[in-house]
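Dear colleague,

Please find below the structure that I am handing over to you. My findings follow directly after it.

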There are 2 protein chains.
Amino acid sequence: MRTVKVPLGARSYSIVIGRRVADRLGRACAKLGFSPKCAVVTDTQVGPLHSARILASLRKAGFSPVVVTVPAGETAKCLEQVEICYRALARHRLERKSFLVALGGGVVGDLAGFVAATYLRGIPFIQLPTTLVAQVDSSVGGKTGVNLPDGKNLVGAFHQPRLVMCDLATLDSLPEREFRAGIAEIIKYGIIRDAAFFEQLERDLDRLLAREEAALGAFVARSCEIKAEVVGLDETETGLRSILNFGHTLGHALETVAGYGRYLHGEAIAIGQVAAARLSAELLGLPAEAVERLQALFARAGLPTSVSLDAAQKKRLLAAMQLDKKVSGGEIRFVLAEAIGEVRWGKRVPEKLIWRALAP
Amino acid sequence: MRTVKVPLGARSYSIVIGRRVADRLGRACAKLGFSPKCAVVTDTQVGPLHSARILASLRKAGFSPVVVTVPAGETAKCLEQVEICYRALARHRLERKSFLVALGGGVVGDLAGFVAATYLRGIPFIQLPTTLVAQVDSSVGGKTGVNLPDGKNLVGAFHQPRLVMCDLATLDSLPEREFRAGIAEIIKYGIIRDAAFFEQLERDLDRLLAREEAALGAFVARSCEIKAEVVGLDETETGLRSILNFGHTLGHALETVAGYGRYLHGEAIAIGQVAAARLSAELLGLPAEAVERLQALFARAGLPTSVSLDAAQKKRLLAAMQLDKKVSGGEIRFVLAEAIGEVRWGKRVPEKLIWRALAP
């Protein structure tokens, strides 16, 4: 078992990573001093696989959980499901010292985290991510929220979990496509912050793809470490934290334009990261050799690296980017790389270059 | 013009109080360095009276406002209206440095504040309260939120405004019943924190009821001062701030049970405060003479001081109190008074005493 600390003063918390760590959930919650009533928010896919042992662990430690099950998939990240969760919490009489467990992937974590952030003006919550993308990214750092028809994550709150448990056993049942999508976020950490980690990925990608326990644990832990460090330095994204959005400005817009569900998040940001690398070559002098290594690594992980758009799609993509939270004064800003392991944020990019970068 | 500071470190802000201070809104926003796009959230009653000069002031200072009008009354404080506001903000392309103006009473302030707290994970907002209860209470302190069918304010966030403008001219058109309801919160400040202020109210209540400018300005300003001081000492209600809930545990439950709209908030908490005073006499030795003075002051302000409930209503009232955010370990806690100007929080009260206190 590995533990990574997220250093946020009074709001600091641990990420524990290992096989079957979720079996310790009940004891961990007892140590955190929560009230007995709690809620487990999960989805129709993850619930049947994992909620029984989660509930058993909570009950054994004296807690009284209610389960709220939302539909599987990105469409659940909406205000309607938020309301369903609120009502269930109210009926179960959760109090300010009660807590909520988010059991599922990024959708459940973002949705349940937002519910925890806003129910009774904020109750504690625990992340129990069951997908690779959630374990290495979305469950850490306190960004919570839901989508509007107008764009992704337009509604939300900063609300840090009190604990994150990355149970590697939950990844056993993860479909191959979703597992590969998670690797897109792992590659990102190498690009934005750690060239040696990127090289390690180039070396050990096959072991990771084979879900070898040692490789999996190491890559998840180092990803969480990098995220924790960045979040610890800039919790509410006044500057540095935006490097975590490398590939995301385009990626989010692609998800919106393609319709939720066409691309997995990891697939959309794989395209976005490769495009950002190409833009980096033009605007920041990122060497062509680095762009190629980067594109090759995403391709080896089975992820898409380009997309062709017609004129109508381009127009909608641009409109979606203009709704991005990173827009300032109407201008879209990008995170671009100077080298693998070294990025700059807040870079302006002329529109024309974007289309060439998406489909070279 | 009077100015009261709310001391909250980097989140400190001013409350400006005076006749037609809202005419300076545009200039004040320019000084705060906001982006041009903004939204004015108001309701069908207040909008026609005041939005024209608010919009003119914003436009003159170079801002581009969109108006979102919600229905007048407590029923607008719901998730459906929250979503309508979000969508309007998205369509108008508000950004993180854009801002929102809450123009209206407590309902509009709470609703619009919650929208500002959660749109793009939080954008700045300004309170422009147009009722007495909003000017002396709900617009100050950063509590925002909406109701669920299960209870009042069950959903919300702490999000401080960047400025509060109490324009006394907006009170000219306030119906008498609503004006009197606001006085219930003013009386509260005397009871919880300032015996001299309570005496001043006993002396000058008639001048206040006549809406004499000097009395009005002085009572609004001193109320804001007391609230600012308490909020500055305990922003997120870990202890002291709960004294602001004097009379509110019963008051909120009464509002829920009676159906939103039967009692104005100020009327419900008038009943709640007088009941809390009677409970204080039994449990904390508050002198009978103080209970009488207190009841007499509410009565002189034309506010209700008791309510008779049948068995079914009592049951529902108890259930509503158990959903109150102040409940801990299933136990309802009260704020009770030792003397006028001196209260204690976190007091347990046996159920039987509650019924006698509501209808002696």
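In this predicted model, β1(A) and β2(A) pair in the antiparallel sense over five bridges; two strands are said to pair if DSSP finds at least two bridges between them. One of the bridges joins V6(A) to Y13(A), its partner in β2(A). Helices (H or I, at least four residues) and strands (E, at least two) are DSSP runs numbered from the N terminus.

Both strands belong to an open sheet of seven strands in chain A, ordered β1-β2-β9-β6-β5-β3-β4, with mixed pairing. At its edges lie β1 and β4 (64-70) of chain A, each of which pairs on one side only. On average, neighbouring strands of this sheet are turned by 15 degrees against each other, direction ignored. Axes here are lines fitted to C-alpha atoms, for helices over the stretch in contact, and angles run from 0 to 180 degrees between N-to-C directions.

Two helices of chain A are to be noted here. Helix α3 (79-91) of chain A packs on the sheet, where it touches β3 (37-43) and β4 of chain A, and its direction makes about 160 degrees with that of β4(A). Helix α4 (106-118) of chain A lies across β3, β4, β5 (99-104) and β6 (125-129) of chain A and runs at about 170 degrees to β5(A).

Chain A is assigned domain 1 (2-171) and domain 2 (176-358), the bounds coming from an automatic or database domain assignment. The C-alpha centres of these two domains of chain A are 25 Å apart. Between them, 31 residues of domain 1 are in contact with 30 residues of domain 2, contact meaning that the C-beta atoms, placed from the backbone, lie within 7 Å. On the domain 1 side, two or more residues each come from β1 (2-6), β2 (13-18), α5 (132-138) and β8 (151-158) of chain A. The largest share of that side, five residues, is supplied by α5(A).

As for the two chains, 30 residues of chain B are in contact with 30 residues of chain A. On the chain B side, α3 (79-91), β7 (143-148) and β8 (151-158) of chain B each supply at least two residues.

Residues are numbered from 1 along each chain as its sequence is written, and chains are lettered from A and ligands numbered from 1 in the order in which they are written. As this is a predicted model, local features need pLDDT of at least 70 and side-chain atom pairs count only at pLDDT 80 or more, while totals for chains, interfaces and linings use all residues.

With kind regards
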